[in-house]
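Welcome! Please look over the structure shown next, and then work through the exercises that follow, each with its solution.

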Amino acid sequence: MSEKTEYWRANIRLVMGCLVVWFIVSYVCGIFLAPALNHIRILGGYPLGFWFAQQGSIYAFVVLIFFYAWRMNQLDRKFGVQED
Amino acid sequence: MSLQLMTYLVVGATFALYIFIAVKARAATTGEFYVAGKGVHPVLNGMATGADWMSAASFISMAGLIAFKGYDASVFLMGWTGGYCLLAMLLAPYLRKYGKFTVPEFIGDRYYSNIARVVAVICLITASLTYVIGQMKGIGVAFSRFLELPFEMGLLVGMIIVFIYAVLGGMKGVTYTQIAQYCVLIFAYTVPAIFISLQLTGTALPQLGLGAHMGGDPNNMFLLDKMDKTLVDLGFGAYTIQKGSTLNIFLYTLSLMIGTAGLPHVITRFFTVPKVKDARSSVGWSLVFIAILYTTAPAVGAMARLNLMETIHPTTGPNAGQWLKYDERPTWFKNWEKTGLLKFEDKNGDGRIQYVGKANKEFQNEMVKVDRDIMVLANPEIAKLPNWVIALVAAGGIAAALSTAAGLLLAIASSISHDLLKGIIAPNMSDKGELLASRIAMTGAICVAGYFGLHPPGFAAQVVALAFGLAASSIFPALMMGIFVKRVNNIGAVLGMLSGLGITLVYIFWFKGWFFIPGTAMAPNNPAHWFLGISPEAFGAVGALLNFVVAYVISGITPAPPEHIQHLVEDIRVPGVVRR
């Protein structure tokens, strides 16, 4: 397998991982499980499902993008495909 | 100083600033007109993208919808931020590597077909125009309030200002102006939110205030519990509980997310950073700046609603339990009545305002019209904040609407002049001719959007949501498959885009009226008539799915893309130069 294919595979793995988290924090915690999670309260009076839908998911998205950018830059260097 | 004068001063001062920057940085060459010479720092680019992104829908409309829909409005919060993950991981770095000016240019090259390019232009114009219609609604609301004019006149003034603003400056003017606009709008959004959060809960951070205890409440309830109780007592649904169908909420969010990553004016932003590496982090920075507003919005919405209900039907103080007398209504109420966006009808003739939900058996609702789009602008007045804060919010709302309208108009203009005219019809056109054509296209787009803005097919954020559905169903799948699936060819992509856009448009027009013309809808726009309970705003996700399937299947049974296209795809997958 060529190095380029290897790089692309690593990239896809990383993206898939990030998107799984992306799906969990928004769709799973914020929508599908929200009614159940609402029985738990955090940060004072926030029902947890409601918090994920209106606050938590957004924080998670920010962290995810920077994590992805950081990991991708590492991959770029590892495979020597970074820009000059 | 009177509020009117103060508003003129603040709005005037911010305007002077934008125009000063725009004139200072007037675009000289075509390259600069579109993408600011690819020299914008990722953090600054992120900030400008924030201003570009956060439009009248985010600033003026969204918190209003949250105020009235509660949990169900979370679709906007998650949808309009989560899309940045898709943008960062699936599109931005690759499109930056490819390094062209416009989205249709990429689609035309990747699918080696001028037809694909034209179809992309059509998709782009449909989505962007719908988006501008939403902005026009917001601009109309802001100007009508601040000039104390009827909504229609406010809209007209807004159109003229957008015209002067967008047609004279190019992207470079827009990039640096937008950084200034971001600062104005985020300041204008967070300052009243902090004030109100302090008033109600004693907590300065609105993000925490929303979860905090009510300061003055004798029972020391949590603010959200108080909301639920107040609304349920008056016959509205509970605030924190889901009311719509789960399928619709899921697809609505998905539609907005995919649409975010498919909207040309946002994607083009990431063509302007110096490196692929910067494109990745720049998306992150954009989201940081956007998240500041988006995590504040739920507090703004909830607190505005609570203050509104307490004004009309106080639960504490000397008038507890009594409905507000119409003659004693506050000034903000009278001012908004002038715009025609707030209407009261004394149905039982008792001279008091009964504002109740459908489940209330005792009274009929007398607030016959409460336009959701006025909430954010009225919010500081309802909370009795100082005049300068109210003026600031007006300036922020106008900044938000203007910056996005300008960005979108630029995307429309460049797709017409650069892709359609110079790219296909008249390749020998001079730079000067191209600039002129793009300015004419902008003017046309402003007029069309202004016309539809008079009879918008929904509140600003809902109209904008339709635009996202259209972008989601047409542009995003073509871009994503262009990068990730080598096998997708010209025929597959074209048919995919057409079927995605087509089915979504028809579904929207079916319930909203053909070309949004009132009275031409084929079925009433409510859950009972929707297909599987999917609202027109949420249908983009279905359109996108169809687009993916059609493109994949058709490509599988038609010839594979030529070798040089396969190399092109391999090239854009790596940031550096490819050695073969």
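**Exercise 1: the domains of chain B**

Chain B is split into domain 1 (3–309 + 381–463) and domain 2 (316–370), with bounds that come from an automatic or database domain assignment. Residues are numbered from 1 along each chain as its sequence is written, and chains are lettered from A and ligands numbered from 1 in the order in which they are written. This is a predicted model, in which local features need pLDDT of at least 70, side-chain atom pairs count only at pLDDT 80 or more, and totals for chains, interfaces and linings use all residues.

Task: find how many residues of domain 1 of chain B are in contact with domain 2 of chain B, and which element gives the most.

Solution.
- Step 1. Start with the centres of the two domains of chain B, which, taken over C-alpha atoms, are separated by 32 Å.
- Step 2. Count the contacts: 13 residues of domain 1 of chain B touch 13 residues of domain 2 of chain B. Two residues are in contact if their C-beta atoms, placed from the backbone, lie within 7 Å.
- Step 3. Look at the domain 1 side, where helix H7 (114–146) and helix H16 (375–382) of chain B are the elements that give two or more residues. Helices (H or I, at least four residues) and strands (E, at least two) are DSSP runs, numbered from the N terminus.
- Step 4. H7(B) gives the most to this side, with three residues.
- Step 5. Sort the domain 1 side by class: seven nonpolar, three polar and three charged residues. Here Ala, Val, Leu, Ile, Met, Phe, Trp, Tyr, Cys and Pro count as nonpolar, Asp, Glu, Lys and Arg as charged, and the others, Gly among them, as polar.

**Exercise 2: a helix pair in chain B**

Task: describe how helix H4 (residues 56–69) of chain B packs with H16(B).

Solution.
- Step 1. The two axes are 7 Å apart, at an angle of about 75°. Axes are lines fitted to C-alpha atoms, for helices over the stretch in contact, and angles run from 0 to 180 degrees between N-to-C directions.
- Step 2. H4(B) is therefore roughly perpendicular to H16(B), since angles under 35 degrees count as roughly parallel, over 145 as roughly antiparallel, 65 to 115 as roughly perpendicular and the rest as oblique.
- Step 3. On the H4(B) side are Phe59(B), Ile60(B), Ala63(B), Gly64(B) and Ala67(B), which meet Met375(B), Val376(B) and Leu377(B) of H16(B).
- Step 4. By class, this contact has seven nonpolar, one polar and no charged residues.

**Exercise 3: where the chains meet**

Task: find which element of chain A gives the most to the side that touches chain B.

Solution.
- Step 1. In total, 39 residues of chain A are in contact with 42 residues of chain B.
- Step 2. At least two residues each come from helix H1 (3–32), helix H2 (34–37), strand E2 (46–47) and H3 of chain A.
- Step 3. H3(A) gives the most, with 16 residues.
- Step 4. The chain A side divides into 26 nonpolar, 10 polar and three charged residues.
- Step 5. Now follow H3(A) to helix H14 (residues 276–312) of chain B: their axes come within 9 Å and cross at roughly 170°. That makes H3(A) roughly antiparallel to H14(B).
- Step 6. Among the residues in this contact are Phe61(A) and Ile65(A) of H3(A), and Leu287(B) and Val288(B) of H14(B).
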